[in-house]
Amino acid sequence: MPLDPEEENIVTPAGRHRSKERASIINDDENEQDYLDSTDKYDNSQHIETSRNSNEGNDDHDAPEQLKGNNGGYSWEDEYRRSWDIVQEDESGSLETIVSGLVESQKKRYLKDTTPFQRGIIRVNVLVLDYSKVMREKDLRPNRAAMMISYAIDFVNEFFDQNPISQLSVVIMRNGLAQIVSEVSGNPHDHIEALKKLKKTDPEGDPSLQNALEMSRGLLLHVPSHCTREVLIIFGALFTSDPGNIHSTIQGLVQEKISVRVIGLTARVAICDELCRLTNHGDLKSSYNVILNEQHFKELFMDAVTPLAITKTESQNKRGFSLVKMGFPQRVSEQSPSFCACHSRLVYGGYICPNCKSKVCVLPTVCPCCNLTLILSTHLARSYHHLFPLTLFVEVPISSSYPTNTCFGCHVRFPKGVEPSWRATDSHKRKKEIQSSSRYRCTLCGCDFCIDCDVFIHEVLHNCPGCESRSRNHKLSASIQLTSKDLIDSEKNRIHIHNINS
Amino acid sequence: MDAIADRAFVGLKGNAKDKYHILDETPSLLTVILDINPLEWKKLMDSNNLRFKDVTSALLVMLNSHMALNSGNKVSLYIANSFYHGAKLVFPSFDDDDNDDSQSPNSKEKVDDNSSLEEEKVNEIVKKKRSRQRKVNASRILETTGIYRQFRIIDETIVDSLDKIIKNEPSNLKSLVGKGETHIKGTLSGALSQALSYINRFQNSDEHSGMKARIVCISVSGDNTLPYVSIMNSIFAAQKQKVSVDVCKLGPNSTFLQQASDSTNGVYIYIKHPLGLIQYLSTALFIDPMLRPMVVLPTNTNIDFRASCFITNKVVDIGYVCSVCLCILSVIPEDEICPTCHSKLDHDLIVMLKRKPRVLPLVKKAKRKRNSSTPDINPVKKFREN
């Protein structure tokens, strides 16, 4: 808006207001791009919503109903929303509520599906890394290969943290061949050492998908039936140079019940499409993805840590599930070192196999003497959260007062309730959408949590402090219980926040 | 020779100095979880002549000395296993406002409407009133009055709220039993989960970033009160956050808590002489997280890692694990259905597992009959036969 210098000096309430607005423009300039980005995506969802309830709104424009945007104009006009329109004072003249709302909407909530599925917990996974010359490309910093390896190391750590009784092997595609980097083993250090060593060599030649798949098939051949057989391919190239017919290799994989997951670094490739579709019972969405950016690459990598759900057809075809014989060894500490059966090294203490009384130094492992799987009960417990996931918390809808003032987990203070009269005014509509109650409620115990605790509880802790803190099976009191309508409202809200972030 | 020795010496000195420097600066958070299971305490009191008051005073000494070590140090205290309250935060107390709400929700709204200055005034008056009340209550229990303010706040709050909780427990219990709610579950995992989320906020805040934290559990109840899966989940979370869990064990030994302290690099101490609790608390259980890499921890290394069977509850050496739900079984179920997840098990596989090792008649005869189907040869038995 054009501002007259003289007008600016006049100290009237209006003038003051205007200069304040200007100050906010200057402040917001640097963040403007971010806001525009977020509002852009935000608009898409908004548009759908408004077209649904298109009867509402003022009809001072001639725009057709479906194209109508938020302000009564065309929806694409909404795209050019000024960031300073979002930032408005609340009735006490403070920006705090709106700013905290914006900060919170930046944080990403944990929104994974928590339906308990039957999963193949005991996994054998072959990680296939593209190490051909295309990986020298510098579109990922410092280059594709270096980033892939550093993420792969993170993946190995996380994989064994969450799947301690599973096994892994690493294979690279280089010079048209498939080469083993580390053999199938349950020890994360072997793989990490091998990957670190791999960093020193340069990517070379062409990748061969067929060779890599054949080698993975060979590695997974001896795997017993209670384990899942998986291959995870990081594929940077858009071509593959194969010695034979890759289609017959894919058929072989399907027969062996090996499921292949591909993360593409460049673009979708038809052969990978076919490979994933055939080996995953047509489920292409979760098995074949192409990265958008570094963050997305990491997310896709980490998605592969969660064990695969067993499909219906798979479980029907089976005659029954298997029972695995396992040994739970006792730990001993010794005054003098003795040789371990697994590495033939002198070590103090270790674990004694309950079957044959030989000593092993690390767990989980297979006893080198009697071939019994040796694990600790804690290893089994690590996988429990995949089987019994914690239900998602629901966002508490905005209201004038809430039953709680602090987060049950970390006791951080929640923002206060919003007066209904203020919420209802039309001019604050946009603000209302940014704003939230900042409370996320466990539906079982009715305790409220802040967004940080919500994320921490679902990603790290895996049990609800509220439910665990009740000494009795607590029934929800009527005041705390959310009505179904509230639930639907907050459901909408959640999706909307998700849209902003993705 | 001299040169080599010299260099080694200099290097060592430099290192030690660096370490010392780091050690000196970083404050830490001490979280104590106090198990107040009434039944177990009754048993302890009868057998050892140990009063709850003694434990509380020992605990207060420990908290105070932690505060005295560094001005940036923080403490927090949770109770667990209370029959009525479950797990609850006792110190620092945040529930001032909650009390306000429950007492007079109308007056609260009025306060909100007024200007902020008046609100502050009202709050101050309320606070003063409350602290005066607290003082009266606490001074009945605390003998000395002229102490450092920081200590005083801690002592008063803790003594006061513990007093309140324990006094209310019998009447609360009675009302519960009257309602027919007799099923009571252990809540140590709840206190652990709360403590971990509090630590998580602490470590991620700008103010206290990089602050180390540790948890001390003063536990009196046995394993039967611990829900297995949630305790394990909290242990793994603690491991991820690099929070060590120390256990001060009164009453029956607990395998789960042994595992907890072992996997988080903590101390597990079974208190043989409960009357000398203060000494245990101020020595063995007082090792700062920064010192852990340098100190040989006074913990036991022989830990029973064996799992217990889901059906018979016996400790298992060699067991069977369902590949679907990972439950541990000591015997193969007769109906070939997993007892926890009800999935059908493979018949052929069970037949194979049930097959017993066969004894070969004699070595000479065995050589001739090599091609007969006897895959499981037990060498020991064979040897004995000879």
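Select helices α9 and α10 of chain A: α9(A) passes α10(A) in a right-handed crossing, the near helix being turned clockwise from the far one by less than a right angle. Helices (H or I, at least four residues) and strands (E, at least two) are DSSP runs, numbered from the N terminus. This is a predicted model, in which local features need pLDDT of at least 70, side-chain atom pairs count only at pLDDT 80 or more, and totals for chains, interfaces and linings use all residues. Residues are numbered from 1 along each chain as its sequence is written, with chains lettered from A and ligands numbered from 1 in the order in which they are written.

Helix α9(A) covers residues 246-255 and α10(A) residues 270-279; they pack at an angle of about 20°, their axes 9 Å apart. Axes are lines fitted to C-alpha atoms, for helices over the stretch in contact, and angles run from 0 to 180 degrees between N-to-C directions. The pair is therefore roughly parallel (angles under 35 degrees).

Next, display the side chains. Ile246(A), Ile250(A), Leu253(A) and Val254(A) of α9(A) meet residues of α10(A), including Ile271(A), Glu274(A) and Leu278(A); contact requires C-beta atoms, placed from the backbone, within 7 Å.

Now turn to the contact between the chains, to which chain A gives 51 residues and chain B 63 residues. On the side of chain A that touches chain B, α17(A) gives the most, with 6 residues.

Finally, select β7(A) and strand β9 (residues 318-322) of chain B, which run antiparallel and are joined by 5 bridges; pairing needs at least two bridges found by DSSP. Here Gly327(A) stands opposite Ile318(B).

How values were computed
Contact = placed C-beta atoms within 7 Å. Parallel < 35°, antiparallel > 145°, perpendicular 65-115°, else oblique.
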